[in-house]
Amino acid sequence: SASNAAANALGAFGRYSTALVTAATVGTDDGAAAGARVGSSWGAFEVGARARFDVTVHGPNVAAELSYGGSDLHVDDATSDPTMPAASYRFIRGGLQARVRVLGVTVFGGGANRFLLQADGVSELMGRRSVGGLDANLGLSVPLASWAEARLIGRYERYSYTFHPTVGARYLAGGAIDQLASTQLGLAGSF
């Protein structure tokens, strides 16, 4: 029935990601450590709601998502050197996803805007600032059971800062970009 189809289109989701192996490449304005690789750790979480709509009966579908999430990057040397990059973000994320089944594999992708509630790390060094974020993903999933699938996902996150330095500020910069590109392998289930 139509009401049953609408109910099946609404749902909640949650995600947790962590990196098994990470390394960050850092540089300084004087070039002393340009290209230096240091150990790091990364983790992210997200909880939200999704409304999925079928474009055709057995064809592609589109989903609108609204969620709350966070992303944290910690660099091993950040405690001894306060200029070493580390970042922690909390955000409200609004975006679109599309899925289409091709030869037994589902191809999906999407993008979203991240409205930042908290941005710690880089911005603490610079004082007054404005920051915004976005993300994009593209992936493949293979069904394992009627309720589970294996996924391979390429994900890109970008946070853009605009700084408003005051007279006498220790650091002077007009802006900065924090980017994260990742390849993720995972399992997904629906209940």
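A residue counts as buried under 20% relative accessible area, as exposed over 50%, and as partly exposed in between. Ser130 has a relative accessibility of 36%, so it counts as partly exposed. The model is predicted.

**Ser130 and its contacts**
- Ser130 lies in strand E7, which covers residues 129–145.
- Leaving aside residues up to four places away in sequence, Ser130 touches Ser160, Tyr161, Thr162 and His164.

**Aromatic pairs**
- The whole structure contains three aromatic pairs, according to the search.
- One of them is Phe45 with Tyr68: the ring centres are 5.9 Å apart and the planes are at 55 degrees, so this pair is tilted.
- This pair links distant parts of the chain, with Phe45 in strand E3 (residues 36–54) and Tyr68 in strand E4 (residues 61–75), 23 residues apart.
- Phe45 is partly exposed because its relative accessibility is 28%, and Tyr68 is partly exposed because its value is 32%.
- Tyr161 and Phe163 have ring centres 5.7 Å apart and planes at 20 degrees, so their pair is stacked.
- Both Tyr161 and Phe163 are buried.

**Charges over rings**
- Arg114 places its charged end over the ring of Phe91, at 4.2 Å from the ring centre.
- Arg151 has its charged end over the ring of Phe108, 5.4 Å from the centre of that ring.

Conventions: Residues numbered from 1 in each chain as written. Predicted model: local features only at pLDDT ≥ 70, side-chain atom pairs only at ≥ 80, totals over all residues. Heavy atoms only, no water. Helix = DSSP H or I, 4+ residues; strand = E, 2+ residues; numbered from the N terminus. Buried < 20%, exposed > 50% of the residue type's maximum accessible area, 1.4 Å probe, protein only. Contact = heavy atoms within 4.5 Å. Phe/Tyr/Trp six-rings, centres within 6.5 Å; stacked < 30°, edge-to-face > 60°. Lys NZ or Arg CZ within 6 Å of the ring centre and 35° of its normal.
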